[in-house]
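This report looks at a structure through its loops, its helices, its domains and the contact of its chains. Please keep the sequence and the coordinates at hand while reading.

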Amino acid sequence: MSEGMIIFGAWVAAALTLFLFSFLYKDNPFFKVAEHLFIGAGMGWYFQTVYYKIMVPKILEPLNSGTGFEIAMVIIPSILGLSLITQFIPKISWISRYGFTFLMGYSAGMAIPVGLATDFMNQVLGTIEPFANFFSLSGFEMFNALIIAIGTVCVLFYFFFSVEHKGVGKKVSNIGIYFLMVYFGASFGNTVMARFSLLYGRFDTLVNYSSAKYLYATSWIAAGLTLFFVAEKLVKTLTKAESAE
Amino acid sequence: MKLFKKQIPLAIVFVFGLVTLASYYVPHRTSEEYLDVMNSWENIVSAFGFFLGLISLFYAHYNKIKRKVDGWGYSLFVYIGFLLMVIPAVYSNGKQINPDASITWLGWAYRYIYNPLQATMFSILAFYIISTAYRSFRIKSLQAFVLFVAAFILILGRIPVGQMIWDQLFGFTKVTTGQAIDWVIGVPSTAGKRGIMIGVAIGAIVTSLKIIFGIERQYMGKD
């Protein structure tokens, strides 16, 4: 890639970044252009990923050079996949059920052992495992193991609706809510920090692209956007004043 | 017609669901090969599913352009954005990096078009999260206070000013912000998460069984 293309790329990246950030001031045509480009580019990216990572190695190559069995193993799912496209033809849209039912059947069949192993058994094991050697733990570890076990049971009880939550049950359920609140708070905090780290990354890129090496891309584009918004405001003010007269 | 419209699709769910489930627990080469083949089939059918979404998106924007609805011009940029990624991909044969470690046209498009758009779009959410935080952190009850404290420790504990405040207020305890964060995530938050995960797992297993046995069939649509 030539140096010129890299500088051009910096200008494109800085422009797209600032166009999207301009939404923080107000909705505007630059944001809408970048937003629609994002939708298209996102689909384009996934399209090429699907084509080069799935279609070529798993369909086109076996069809070109596979044995009879391998070709059959490609044609059957391809027909099931093509059946999905009949969704667009109302009269025969029921054919798409063949593709969907295969996906649902396979996913449901996989979801049971995977859910059972990772989400159910592992979580139960993680909760009760410390009690296997409870008295060899330190005081603080014992305390933590008890908190986790009590919290897990209370949260599970909160989601258990087969008995009415009253009396002791209500208290247990209420304790469960506090553990849920800690989890939600921690998740919220993590999400905030993840978004902010992305934001720092974008600012860092913008600062980088404002250097002489990239011909001050960020500065020029930011100045252009500012001029546009000032001019737009001026035109609006003048038009308002004229109509008032 | 009922046979083709309803019974065969339900039979497909039942057979594939049960055989996949059984194969997972049968330690035999045939069942492993079956799972490999099914995984490949699932990838292929899902790929066509992606095309379903793509055609649907293009059709929606084509209609906007055709009917010249408000802002139809922006719809053109959906197609432009798509081509900006696909043409370099075809030219680069789906590769982002050349053998000499330089970036290809696809790598260029990813680095200077898709990545800035994606990262900025998600980073903008940081600003909206702040306004959401203001609303959710209005402490009206003890439960809201607990949520606030957990989030506060997680957010402030990871930045230098938060660590300074922590040292001033709780320095005497000799507990660092890192240790406090680890404890919140590792103990009470884990308890909450485990309860949810176990509940979700039970829900997913029950729903899967309902799908396999044809009790849940909303995905089949009407008719």
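Tyr216(A) is found in the loop between helix 6 and helix 7 (217-244) of chain A, where helices are DSSP runs of H or I with at least four residues, numbered from the N terminus. The phi of Tyr216(A) is near 55 degrees, a positive value in a residue other than glycine. Most residues other than glycine have a negative phi. Tyr216(A) counts as partly exposed because it has 16 C-beta neighbours inside 10 Å; a residue is buried if 20 or more other C-beta atoms lie within 10 Å of its own, exposed if 12 or fewer, and partly exposed in between, with C-beta atoms placed from the backbone.

In chain B, Lys174(B) also is not a glycine and has a positive phi, of about 65 degrees, and it is found in the loop between helix 6 (160-170) and helix 7 of that chain. Lys174(B) is exposed, with 7 other C-beta atoms within 10 Å.

## Basis of the model

This is a predicted model, in which local features need pLDDT of at least 70 and side-chain atom pairs count only at pLDDT 80 or more, while totals for chains, interfaces and linings use all residues. Residues are numbered from 1 along each chain as its sequence is written, and chains are lettered from A and ligands numbered from 1 in the order in which they are written.

Lys26(A) lies in the loop between helix 1 (3-21) and helix 2 (29-65) of chain A, and it counts as exposed because it has 9 C-beta neighbours inside 10 Å. Although Lys26(A) and Phe229(A) are 203 residues apart in sequence, their C-alpha atoms are 9.8 Å apart in space.

Helix 5 of chain A (residues 139-158) has 20 residues and reaches 28 Å from its first C-alpha to its last, close to the 28 Å expected at 1.5 Å a residue, the expected span being 1.5 Å times one less than the number of residues. Its buried residues are Ile148(A), Gly151(A), Thr152(A), Cys154(A), Val155(A) and Tyr158(A), and they pack against helix 4 (96-128) and helix 6 (168-209) of chain A together with helix 8 of chain B.

## Domains

By an automatic or database domain assignment, chain A has domain 1 (1-42 + 217-245), domain 2 (66-131) and domain 3 (137-214), and the C-alpha centres of domain 1 and domain 2 of chain A are separated by 44 Å. Chain B is divided into domain 1 (1-63) and domain 2 (70-124), with C-alpha centres that lie 30 Å apart.

## A helix pair in chain B

The axes of helix 2 (residues 29-67) and helix 3 (residues 72-91) of chain B come within 8 Å and cross at roughly 145 degrees; axes are lines fitted to C-alpha atoms over the stretch in contact, and angles run from 0 to 180 degrees between N-to-C directions. His61(B), Lys64(B) and Ile65(B) in helix 2 meet Trp72(B), Ser75(B), Leu76(B) and Val78(B) in helix 3 of chain B, contact requiring C-beta atoms, placed from the backbone, to lie within 7 Å.

## Where the chains meet

In the contact of the two chains, 98 residues of chain B touch 97 residues of chain A. Helix 8 of chain B gives the most to the side of chain B that touches chain A, with 20 residues.

Key. Helix = DSSP H or I, 4+ residues; strand = E, 2+ residues; numbered from the N terminus.
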